[in-house]
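Here is a short briefing to read alongside the structure. Take a moment to turn the model around before you start.

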Amino acid sequence: MTDGSGSTHRECSREKKPTVWAPPVLGYPDVGFFAAGTDGGSRCPGAQGPSYQGAPYRRALARKGGFRSIEGGKNMLQLEQELKNNAYPGRGIVIGRSDDGRKAAIAYFIMGRSVNSRNRVFVTEGEGIRTQAFDPAKLTDPSLVIYAPVRVFAAGQGTDTIVTNGDQTDTVYEGLSRGLTFEQSLRSREFEPDGPNYTPRISGLVHIQDGGFDYCMSILKSNDGDPSCCNRYTFAYDRPAAGEGRFIHTYMHDGNPLPSFQGEPKKVAIQGDIHSFAGMLWESLNEENKVSLFVRFIDIATGRYETRILNKNQ
């Protein structure tokens with residue numbers, strides 16, 4: 001199900017259709033909305049709240065200082081501050097449109113706290129990238145750290161650039177090749193099996209066709225640490241505005257266990273060319289925990305792209 005801002009799906013059992021839930025504002029759990037599925041099926045525990053009202057929702061955000069006003073009066077966060085104020089957002093995806101309106105912007109970064117997680121670099125593979133052990137001798141468990149974060153799918157209906165934080169990149173690619181949508185492809189996947197964190201699987205897809213551009217993002221996560229329930233959220237963004245993007249990451253902040261991301265992907269400013277944008281992101285990530293960064297700007301009119309890869313391990 002989709003609307004102007006995207007859709008969110010929560011699934012508690014395979015026998016019941018998902019309910020629809022717009023997550024509450026962080027720090028304001030009483031602001032949000034709940035709508036039961038058309039079959040009247042039961043919702044996940046705790047998935048409830050009063051009816052949604054646009055103005056109160058925005059006022060609640062404003063009271064929390066969640067908005068940062070920039071040019072044109074648009075309410076967007078500054079990525080530099082978001083990253084500098086968070087030592088461990090985990091892995092993150094940024095998708096949006098350059099401020100000149102000509103490019104689709106994609107960024108993906110990885111961070112790590114363990115030796116296994118930090119022992120990685122991004123390397124190119126075809127039109128995408130994959131992770132690789134920097135020192136093969138230090139690699140202990142490749143299952144959740146070695147994968148292809150970015151792949152490109154093209155089949156006559158434009159070009160889809162897939163970016164994810166795990167091997168669900170391949171799941172989406174294979175689903176698209178079989179005629180499934182982005183969301184349908186991810187229905188076979190859940191959060192990562194790394195309890196007690198149960199790291200969310202975050203994914204994005206950028207579609208460029210006939211000089212147009214749109215994108216969607218997804219997060220699959222446990223129900224507040226309960227692995228018996230997978231909460232599925234998909235957000236679709238049509239005709240993105242110049243200088244505007246969305247940012248989603250795996251963890252709200254550092255912790256033990258690590259708290260999963262909450263809410264809709266954050267509305268952020270996309271500023272500068274690929275070099276200044278990548279430089280800003282890399283310098284803003286926590287020096288101790290950052291591992292690798294991928295940034296790509298795609299010309300919406302021609303489909304040509306430019307890529308930057310930055311690795312801490314050299």
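**The chain at a glance**

Among contacts in the chain (heavy atoms within 4.5 Å) between residues at least 6 apart in sequence, 57% join residues at least 24 apart. This is a predicted model, in which local features need pLDDT of at least 70 and side-chain atom pairs count only at pLDDT 80 or more, while totals for chains, interfaces and linings use all residues. Residues are numbered from 1 along each chain as its sequence is written, and side-chain values use heavy atoms, leaving out hydrogens and water.

**Overall make-up**

- You can find 6 helices and 16 strands in the chain; these are DSSP runs (helices H or I, at least four residues; strands E, at least two), numbered from the N terminus.
- Of the 314 residues, 50% are buried, meaning under 20% relative accessible area with a 1.4 Å probe, protein chains only.

**Helix α4**

- In α4 (residues 168–177), the buried residues are Gln 168, Thr 169, Thr 171, Val 172, Gly 175 and Leu 176.
- They lie on the same side of α4 because they cover an arc of only 160° around the axis, taken from the directions from the helix axis to the C-beta atoms.
- The buried residues of α4 pack against β8 (150–154), β9 (159–164), α5 (182–186) and β10 (201–209).
- After α4 comes Gly 179, with a positive phi near 90°.
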